[in-house]
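Dear colleague,

Please find below the sequence and structure that I am handing over to you. My notes on what was found follow directly after.

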Amino acid sequence: MKVKAYIHSLKDHEHDRHVLGDAEIIRQIGDNRYLAEVNGVRCTAIFNVFTGAYYVDDVYGIQQEAI
């Protein structure tokens with residue numbers, strides 16, 4: 001499903017803010033862990049129930065092979 005998510009690589013470091021971008025949540029791979037895709041890169045994501053948003057880690061959570 002296509003979602004607006006906070007994407008790690010888009011972070012505004014100057015103002016220390018997360019930035020929303022477009023991502024696709026492919027499937028759930030754990031209790032609160034998801035496989036996502038951003039700009040053709042498959043990576044991990046989590047859903048924060050307090051903010052009601054996905055947080056996609058396309059910097060440290062890159063997946064080289066399918067999970």
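A residue is called exposed when its relative accessible area is over 50%, buried when that value is under 20%, and partly exposed in between. K2, with a relative accessibility of 70%, therefore counts as exposed. Please bear in mind throughout that this is a predicted model.

K2 takes part in a salt bridge with E24, in which the closest N and O atoms lie 3.9 Å apart. This pair connects distant parts of the chain, since K2 belongs to strand β1 and E24 to strand β2 (residues 20-28), with 22 residues separating them. E24 has a relative accessible area of 30% and is therefore partly exposed.

The strands β1 and β2 are linked by a further pair of this kind. K4 forms a salt bridge with D22, and here the closest N and O atoms are 2.9 Å apart. K4 lies in strand β1 and D22 in strand β2, 18 residues apart, and this pair too links distant parts of the chain. Both partners are exposed: K4 has a relative accessibility of 55%, and D22 has a relative accessible area of 54%.

Another salt bridge joins E37 and R42, with 3.2 Å between the closest N and O atoms. E37 is partly exposed at 24% relative accessibility, as is R42 at 37%. The count of salt bridges in the model comes to 4, and those described here are among them.

As to the overall arrangement, 5 strands close into a barrel in the order β1-β2-β3-β4-β5, with mixed pairing. From one strand to the next, the twist averages 50 degrees.

Which strands run parallel, and which antiparallel? Strand β1 (residues 2-7) runs parallel to strand β5 (residues 53-62), and 3 bridges join them; A5 has Y54 of β5 as its bridge partner. By contrast, β4 and β5 run antiparallel and are joined by 6 bridges, with I46 partnered by Y55 in β5. The hairpin of β4 and β5 has 4 residues between the strands, and G52 in this hairpin adopts a positive phi near 70 degrees.

Strand β3 (residues 34-38) also pairs in the antiparallel sense with strand β4 (residues 41-48), over 5 bridges. Within that pairing, L35 is placed opposite T44 of β4.

In general, the strands of a sheet pair through backbone hydrogen bonds, in either the parallel or the antiparallel sense.

With kind regards

Notes:
Residues are numbered from 1 along each chain as its sequence is written. This is a predicted model: local features need pLDDT of at least 70, side-chain atom pairs count only at pLDDT 80 or more; totals for chains, interfaces and linings use all residues. Side-chain values use heavy atoms; hydrogens and water are left out. Two strands pair if DSSP finds at least two bridges between them. Helices (H or I, at least four residues) and strands (E, at least two) are DSSP runs, numbered from the N terminus. Axes are lines fitted to C-alpha atoms, for helices over the stretch in contact, and angles run from 0 to 180 degrees between N-to-C directions. A salt bridge is a side-chain nitrogen of Lys or Arg within 4 Å of a carboxyl oxygen of Asp or Glu. Buried means under 20% relative accessible area, exposed over 50%, partly exposed in between (1.4 Å probe, protein chains only).
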